[in-house]
Amino acid sequence: MLAKRTLIGVIVGSIIIALGGYSLIIHIGPTVDMDEYFLIVVGDSIPLTIPAPADAPQLLIITGNAFDLKLQSPGDGLKIPNTSYKNELKLEWAHVESGTTKILIQNTGDSDLEITAVTKQTPNPFGFTFDVMVLITGIIIIGMSMGFTMRKPKGF
């Protein structure tokens, strides 16, 4: 029969390992699909960076009263004029070469600006490290809780 603390530790550790493993599986691969939604209030701006490999399709839909857009794409990527836009702008492009697209969107209208981004990005190496750390934490929790079954340390 397992002690109460051991059983709780095994359950919590197993949940942490399952979450870390699921996250690790999702983030492994050459690209990660990202669906993001942003809301920009009047007068505010947002910088977006999209790191992606070559031939990765990107989609950006901006809806609002009026806004300014500045975009830099790697290589001979998407080229758009740096002017003011009204109502809606739909941008679809593919990265010509690996690199980072930098976008700066400034809300110049009198209503909120809605941005929908559907992108394929290269995975963040720190995300992989974080997922492995979560797995290790779950293993440590299970190991420490199993120590309570063997014999109780002095003071417990």
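Helices (H or I, at least four residues) and strands (E, at least two) are DSSP runs, numbered from the N terminus. In these terms, Lys 70 is found in strand E3. The structure is a predicted model. Its chain holds two helices and six strands, and the order along the sequence is α-β-β-β-β-β-β-α. The radius of gyration of the chain is 23 Å, whereas a compact globule of 156 residues would have one near 15 Å.

**Overall shape and surface**

- Taken along the principal axes, the C-alpha atoms of the chain fill a box of roughly 70 × 35 × 20 Å.
- Buried residues make up 29% of the 156 residues of the chain.
- The chain carries 11 positive and 14 negative side chains. The centres of these two sets are 22 Å apart.
- Of the contacts between residues at least 6 apart in sequence, 81% join residues that are at least 24 apart.

**The largest nonpolar core**

- The largest nonpolar core has 18 residues. Those that touch the most other members are Leu 60, Ile 62, Leu 69, Ile 103 and Ile 105.
- Two or more residues of this core come from each of strand E2 (45–52), strand E3 (57–72), E4, strand E5 (99–107) and E6.
- The element that gives the most to this core is E3, with five residues.
- Leaving out residues up to four places away in sequence, Ile 105 touches Ile 40, Asp 44, Ser 45, Ile 46, Leu 48, Ile 62, Asp 68, Leu 69, Leu 113 and Ile 115.

**Residues in the strands**

- Lys 70, in strand E3, has a relative accessible area of 48% and is therefore partly exposed, as this value falls between the limits of 20% and 50%.
- From Lys 70 to Val 41 the C-alpha distance is 18 Å, and the two are 29 residues apart in sequence.
- Asn 87 belongs to strand E4 (residues 84–94). Its relative accessible area is 54%, so Asn 87 counts as exposed, the limit being over 50%.
- The phi angle of Asn 87 is near 65 degrees, which is a positive value in a residue other than glycine.
- Thr 119 has its place in strand E6 (residues 113–121). Thr 119 counts as buried because its relative accessibility is 3%, and buried means under 20%.
- Beyond its neighbours within four places in sequence, Thr 119 is in contact with Val 32, Asp 33, Met 34, Ile 50, Pro 57, Gln 58 and Leu 59.

**Residues in the helices**

- Helix H1 covers residues 4–27, and His 27 lies in it. Ile 26 lies in helix H1 as well.
- His 27 has 36% relative accessibility, so His 27 counts as partly exposed. Ile 26 is partly exposed because its relative accessible area is 41%.
- His 27 touches Val 32, Pro 123 and Asp 131, with residues up to four places away in sequence left out.
- Although His 27 and Asp 131 are 104 residues apart along the chain, their C-alpha atoms are separated by 8.9 Å.
- Ile 26 and Thr 63 are 37 residues apart in sequence, and 30 Å separates them in space, C-alpha to C-alpha.
- Met 146 is found in helix H2, which spans residues 125–150. Met 146 counts as partly exposed because its relative accessibility is 35%.
- Apart from its neighbours within four places in sequence, Met 146 is in contact with Thr 6 and Val 10.
- Between Met 146 and Glu 36 the C-alpha separation is 41 Å, and these two residues lie 110 residues apart along the chain.

Definitions and conventions:
Residues numbered from 1 in each chain as written. Predicted model: local features only at pLDDT ≥ 70, side-chain atom pairs only at ≥ 80, totals over all residues. Heavy atoms only, no water. Rg over C-alpha atoms; globule rule 2.2 N^0.38 Å. Buried < 20%, exposed > 50% of the residue type's maximum accessible area, 1.4 Å probe, protein only. Contact = heavy atoms within 4.5 Å. Lys, Arg positive; Asp, Glu negative; His and termini not counted. Charge placed at Lys NZ, Arg CZ, Asp CG, Glu CD. Core = buried A, V, L, I, M, F, W, Y, C linked by side-chain atoms within 4.5 Å.
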